[in-house]
Amino acid sequence: MPKDQLAELTQPQRDRLAFVELRVRFIGEIRRQDLVSRFGIQSAAASRDLALYKELAPGNIDYDPKGKSYVLGPDFRPVFDFPPERVLSWLTQGFGDGEPMRLKAWVASESPSRLTHPDLDVLASVTRAIHQECPLGIEYHSISSGRTEREIVPFALIDNGLRWHVRAFDRKSQEFRDFVITRIKRPVLMRDADVQTHERSDQDIQWTRIVELEMVPHPDQPRPEITEMDYGMVRGSLRMKLRAATAGYILRQWSVDCSPDHSLRGYEFRLWLKDHLALYGVKNAVLAPGYRSPDQNKGER
């Protein structure tokens with residue numbers, strides 16, 4: 001779509017066209033009703049927007065009469081240059097789906113940048129597979145195994161604070177695992193392949209299990225009342241409910257001392273997990289600072 005043609009459109013039109021592209025690229029389809037619901041426009045106006053996008057970006061979308069929706073075209077080329085952060089905030093929090101623009105901030109602010117961002121074409125394949133509930137063939141690169149060919153059944157994105165993962169059933173290991181999206185290459189949606197019952201998210205024990213954690217000011221840190229203020233604690237503690245599959249990531253991100261005797265030293269350890277047994281059976285508890293399984297503790301006596 002030539003930039004001068006875009007410039008001739010009104011801002012509301014460009015926002016709606018940007019929404020069309022996001023939906024098709026990352027979800028795999030869009031219906032007229034999606035535009036109607038999102039922007040509060042009439043069905044006729046939504047039809048005109050879809051026709052306009054198809055006219056200005058030939059090959060990007062095709063009409064599927066069976067599903068009565070527009071789907072990703074085989075010759076798709078992105079028109080709008082969405083920053084990865086914007087796409088991920090839309091996918092996970094549901095906002096930021098208008099035309100990507102640099103807007104003036106209301107107040108001066110700075111926020112740390114990520115060192116890595118997922119490739120948007122790879123991310124789009126992952127999110128379409130999640131939405132369409134179909135397996136995904138990938139080339140995966142890991143430190144332990146190097147390059148491998150895999151078939152996964154993805155169902156959720158996970159932000160561990162540093163990198164984005166996709167939670168999926170791995171047909172190679174026959175386990176539910178987290179895959180770093182930046183390590184995925186050459187993804188291919190396997191639309192005609194069936195998903196078995198044991199591959200679905202409701203069979204992922206670590207995903208469906210909810211753990212309740214209580215954190216308190218680290219006993220070896222001065223001025224616990226300041227920690228209570230910083231973390232909005234109630235009666236000296238902070239309680240959280242997390243999926244077991246994400247607990248280790250979050251405890252590591254917030255530098256929570258998970259040792260049974262609060263033995264970690266360092267200014268970064270301002271929180272202590274009051275009951276380390278709450279992590280029993282959590283597979284990624286090994287990521288939590290200082291965590292030792294009950295079996296390890298017994299062996300040290």
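Which residue in strand 3 is the bridge partner of Ile30? It's Tyr70.

Okay, some ground rules. This is a predicted model, where local features need pLDDT of at least 70 and side-chain atom pairs count only at pLDDT 80 or more, while totals for chains, interfaces and linings use all residues. Residues are numbered from 1 along each chain as its sequence is written, and side-chain values use heavy atoms, leaving out hydrogens and water.

Back to our sheet. Strands here are DSSP runs of E with at least two residues, helices are H or I runs of at least four, and both are numbered from the N terminus. We've got 3 strands in an open sheet, ordered 1-3-2, with antiparallel pairing. Strand 1 (29–30) and strand 2 (61–64) sit at the edges with a single partner strand each, so one side of each has no neighbour in the sheet. Strand 1 pairs with strand 3 (residues 69–72) over 2 bridges; two strands pair if DSSP finds at least two bridges between them.

Now the helices. Helix 3 (residues 32–39) and helix 4 (residues 43–56) have axes that come within 9 Å and cross at roughly 115°. Those axes are lines fitted to C-alpha atoms over the stretch in contact, with angles from 0 to 180 degrees between N-to-C directions. Who touches whom? On the helix 3 side, Arg32, Leu35 and Val36 meet Ser43, Ala46, Ser47, Asp49 and Leu50 in helix 4, where contact means heavy atoms within 4.5 Å. That contact divides into 4 nonpolar, 2 polar and 2 charged residues. By nonpolar we mean Ala, Val, Leu, Ile, Met, Phe, Trp, Tyr, Cys and Pro; Asp, Glu, Lys and Arg are charged, and the others, Gly among them, are polar.
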